[in-house]
Amino acid sequence: MMDLEAQIQLLIDNAPQDGMTPQLMVSIAPVLMAIAQRLKHYQYFILQNSEHDWVLTTLSNRANPGIEKQVIYAFPTIQDVSLISDAGLDPQVMPASMYVTHLLFQLVALKPLHSIVFLETPGIITHTVEVRRSELETLIEQQLQGFRPSRKVPPNIA
């Protein structure tokens with residue numbers, strides 16, 4: 001099992017080596033760590049289709065059926081996938097294991113996705129933690145306000 005520090009290092013190491021993205025990853029690492037530490041597991045299972053795209057679930061508001069949101073479920077064990085999903089009946093959908101910090105990082109990139117619903121207790125679908133993309137984006141924006149790429153500006157630029 002890879003701990004959170006090692007997961008963050010993997011994200012940094014796999015970032016495009018463009019001189020800025022690894023620094024950016026280092027800058028947002030505290031946000032990913034803080035949220036990951038609120039969750040119980042270092043690794044979760046999510047559903048993917050045959051193209052390795054995440055399977056989104058549309059949830060409707062019971063009181064107001066016109067309000068919908070796209071979520072993905074993150075399961076603590078592979079057995080828990082069957083608690084919510086009938087994916088076992090669909091050969092095109094399969095569970096994939098992902099590190100929690102990588103899930104959180106991907107949440108920001110997937111624009112149609114509203115949130116990730118983490119199931120925290122194996123065998124029980126009522127113990128969940130929802131992490132909203134908007135919440136994560138706000139925390140990252142706050143973290144990046146102090147981020148400046150370390151590009152040296154020549155003193156004689158003017």
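## Close-up views of a predicted model

**View 1. Contacts of Thr 21.** Leaving aside residues up to four places away in sequence, Thr 21 touches Ala 15 and Pro 16, a contact being heavy atoms within 4.5 Å. Thr 21 belongs to helix α2, residues 21-38; helices (H or I, at least four residues) and strands (E, at least two) are DSSP runs, numbered from the N terminus. Its side chain also makes a polar contact of 2.6 Å with the side chain of Asp 18. A polar contact is a pair of N or O atoms within 3.5 Å; within protein, one must be able to donate a hydrogen and the other to accept it, and residues adjacent in sequence count only if both atoms are side-chain atoms.

The model is predicted: local features need pLDDT of at least 70, side-chain atom pairs count only at pLDDT 80 or more, and totals for chains, interfaces and linings use all residues. Residues are numbered from 1 along each chain as its sequence is written, and side-chain values use heavy atoms, with hydrogens and water left out.

**View 2. The loop at His 52.** His 52 sits in the loop between β1 (43-48) and β2 (57-60). Although His 52 is not a glycine, its phi is positive, about 70°. His 52 counts as exposed because its relative accessibility is 57%; exposed means over 50% relative accessible area, buried under 20%, and partly exposed in between (1.4 Å probe, protein chains only).

View 3. Leu 83 is part of helix α3 (residues 81-84), and its relative accessibility of 38% is why Leu 83 counts as partly exposed.

View 4. Strand β5 (residues 115-121) pairs with strand β6 (residues 124-132) in the antiparallel sense over 6 bridges; two strands pair if DSSP finds at least two bridges between them. Ser 115 has Arg 132 in β6 as its bridge partner. The hairpin has 2 residues between its strands, and Gly 123 in the turn has a positive phi of about 85°.
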